[in-house]
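This report considers the complex shown below.

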Amino acid sequence: MSEAVYPESEVFHTEDMTISVGPQHPSTHGVLRFVVRTDGEVISEALPDVGYLHRSIEKIGEKCTYHGYVPYTDRADYLAAMFANQGFCMAAEKLGATEVTRRGEFCRVIACELNRIASHLISVGTFGQDIGAITPFLHALRERETINDLMEEICGARLTYNYIRIGGVGYDITPQTCDKILVFLDHFDPIIDEYNRLLSYNKIYIERLANVAAITKEDALQYNLVGPNLRASGVKWDIRRDIPYSVYPELEFEVPVGHGEKGTLGDCYDRYWVRIQELQESSKILRQCLKMMPKGPAISKVPRKFKPPAGEVYVRVEAPRGDMGYYVVSDGTEYAYRVRIRTGSFTAMAIIDKLSRGIMVADLIALIASLDVDAPEIDR
Amino acid sequence: MKQFVDSLIQQGYFSGVPTQIVYAIAMIVAALVVLSVFVAPLAGVTSWLERRVWARMQSRVGPNRVGPQGVLQWLADGIKNLLKEDLIPSAADKLLFPLAPYIVFIGFLCTFVVIPFGGHLIVADLNIGILYLLAVTSIVVVGILMAGWSSNNKWSLLGGMRSAAQIVSYEIPAGLAVLTIIFVAGTMSTQGIIKNQGWAPWDWYLFYNPFTFIAFFLYFTAALAEGNRTPFDIPEAESELVAGYVTEYSGMRFLFFFFAEWGNLYVIGAVATVLFLGGWQVPAVGGGFIEGALQFMVFFVKAYLWVFVAMWVRATLPRVRVDQLMALCWKYMVPLSFLCVIGTAAWMVVFPHGSRWASFAMFGLGVLILVLFVRRLQYQIRNAKPELYLRPYI
Amino acid sequence: MQAQEIYNKIEKQFPGKVGLFRGDVFDPHLNVDAGAIVDVCRYLRDDAETAFEVLSDLTAIDWTKKDDEKIQVVYHLFSYAKRHQIVLKVDLPREAPRIATVEGIWKAANWFEREVFDLFGVDFAGHSDLRRIMLPEDWVGHPLRKDYVEQEEYDGISTQRAPLVDKLLK
């Protein structure tokens, strides 16, 4: 670096600093680690290091029966366990040609969309917290607490639900619970405006997020970003709309995409804003579902010994962190031969290495928060 | 204070003792009294109040177990931290690491020398009061930098560097904002500045002219930045730098930093009150104890109002990035504060004795801003939703 | 595009390199010769009709049937523009499986391949950063292989847990 004319000792000597961010760092949601090389505050390289939460859920899948594996899928992404349940059950149903009852499908959608709201609330709240605003986080958790109560009423669990089973759902949603969900939605819709007034339109917040770590559409496709991160980059793609499953084709909802609301397309603010809009869409879906709920059994007759014929299937579900893919290979026995869970956070993590070059330490935190990565989902 | 000791000496209480030693002992006693009677409970109660105010704003409860409404929580925390092991990392600088909290604490504590509590209640009415205040608050940055460097931790170092850059930068707008008031008042003594103002709001320097009005907001913002408060809390930004310069500290040493921070909140409010808000000025009620008590109350309420505002700001705003922080200071606040200085100087040439009408007009503007703010607040409160309780498990 | 058409297209472009097409399953798949995977993938991405701009998933399966021992690397390709998908499969020997990386075609392959390397021991030739991703660097074995046996201890910590029942019965 130094000029040849000066002797080494007289040149003002600078050195890069290598910092280990995590695994116990306040803003690495869960346990992640980044080895960051910085020039002062400016990052020249950030290498993600994952695997601290690896629980070999895929290997467990080979040792469990299909029914027995459903509770394990919860742990793949404990912030949105319902979707992990649904993905696996859909894969098993497709393999085993099992019908799902119509009421079961509605119960699934209701539970899933409630879970999506809960997951996005965490995402939005922790985003604010990482930027330094602590109040929105607690307000978001307060609402999530109500959803947890509702979930407890629906399926008896607050975090890892094990609600969606092969052929339907474990327990029917009672009319009383439906009423409560409606009460909650009436309460929740104005709260989104409150978040906007408190956080989204805050000048400092916008300054911190706009134009930071913008992901172009090409990069998003190259790195296989999914879900809200992909939509924020301007790709209008939602599995619920484009590869419809369950009863989503009958429901009306918008697919929010990023427009470069306050800065460039695909920046942190767009990713945040897409999530806020999805809260509204989920609420809309829930209201429709509650109206359309048909009568009937919640689960169809599924043999206890569930033995799908040999074959393989790849099923996609639109989870809060994007396209959750279940690749299940059956060899005709009670046990799956291979279960592969492909999650949104895993690919989202891979892009951090590229985006982190040249941004500041504070921006790295914003970037991690905006991608809404979730350690259990990365490591599985 | 000095008069009081002088009178004691003249009455022959300390015959045979050199007067210098009497003064020194008197100063130490005064410092201890201020520290134990006022500063320690103040910082402690501020810490409790901050947690309660935050909790209220974040729709949770906050500490409410120790004493009525948890008001003694700070004592419990203090005892807990005293009992903790005093950890010094093996790679830390053995001399500077333990020393840093006390430097920070001294820098904060020395400000109480010139901060008045009432018309006659002041430790020392220095004729360079405000200058002294700016000087001793700068000691804090030395302590923070020492803490950051001696911890031998990269997060601490980053925090210390950020803090140094931030405090040094924001000294300038703060100092210039203070300078406008020194212009107008013609004195640097804190009591002198207060005496030049009146009890009525339009007699305050806040409304003296448009430039002092701006200077007030400049001062308050810069003071928040100097005190490492949100939205300028980047040196200890817990989501970025773990805990900044206090990362390696534990127990009582850790507490000293926060002692200084919470106490500093009051200092910010008190200085703003001295300079802009008429200090302890009250309508004449005939002197004596009642007036003294009233003066103390008025000053305390005015100062504490800004402590509350700082808490409120902290609960509401996100944190700025380090480059935005510097840009805000050097691009906007420094030029604006120079404008205030020059504007006030020009104003004093045009209106050597001040303009009564300008004061009334500025007061009107201030009231208007306050009314708009309160209405905005009412709107927010009307639209805020309380927690929904659905009575689970029917 | 239908899967059959995609297959015909590849077949025409790379005769003899692809085969075993199954179009009657849930996700139509075809086998690709290990040496041709990069070319096939690049062709599928760049061709205007197929336009597979996304690598949805890359994983592997360990087949341990008596006469059919292989590690099968599975590529799930997807196209947002054309809304079609295809599954490519590459059979590799169980001993020292080795295949060229597709990192140069889809950046997402970087981490997927690291994961497959970690859990199956497939060596991706030409990969820029082939390290273990889930497990520690000094871990022995590849857990998702069917014949995987956990190492007895790691870093001096036993990985074996004595059954609790036996302890109680003692």
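How many of the residues of strand β7 (residues 322-330) of chain A are buried? In this predicted model, 9 of the 9 residues of β7(A) are buried, so that the strand is mostly covered.

**Strand pairing around β7(A)**

Strand β7(A) has a pairing partner in strand β6 (residues 311-319) of chain A; the two run antiparallel and are joined by 9 bridges. Within this pairing, R316(A) lies opposite G325(A), a residue of β7(A).

Y327(A) has R340(A) in β8(A) as its bridge partner.

| Pair | Sense | Bridges |
|---|---|---|
| β6(A) and β7(A) | antiparallel | 9 bridges |

**Overall form of chain B**

Which secondary structure elements make up chain B? Chain B contains 13 helices and 0 strands, and its pattern along the sequence is accordingly written α-α-α-α-α-α-α-α-α-α-α-α-α.

The C-alpha atoms of chain B occupy a box of roughly 65 × 65 × 50 Å along the principal axes. Chain B has a radius of gyration of 23 Å, which agrees with a compact globule, because for 394 residues such a globule would have a value near 21 Å.

Of the 394 residues in chain B, 43% are buried. Among contacts in chain B with a separation of 6 or more, 77% are between residues 24 or more positions apart.

**Confidence**

For the complex, the predictor reports an ipTM of 0.85 and a pTM of 0.87. Chain C has a mean pLDDT of 84, and 99% of its residues reach 70 or more.

Where in chain C is confidence lowest, and where is it highest? The lowest confidence is in helix α4 (residues 164-169) of chain C, with a mean of 75. The highest is in helix α3 (residues 109-120) of chain C, at 88.

Key. Residues are numbered from 1 along each chain as its sequence is written. Chains are lettered from A and ligands numbered from 1 in the order in which they are written. This is a predicted model: local features need pLDDT of at least 70, side-chain atom pairs count only at pLDDT 80 or more; totals for chains, interfaces and linings use all residues. pLDDT is the predictor's confidence in each residue, from 0 to 100. Helices (H or I, at least four residues) and strands (E, at least two) are DSSP runs, numbered from the N terminus. A residue is buried if 20 or more other C-beta atoms lie within 10 Å of its own, exposed if 12 or fewer, and partly exposed in between; C-beta atoms are placed from the backbone. Two strands pair if DSSP finds at least two bridges between them. The radius of gyration is taken over C-alpha atoms; the globule rule is 2.2 Å times the number of residues to the power 0.38. Two residues are in contact if their C-beta atoms, placed from the backbone, lie within 7 Å.
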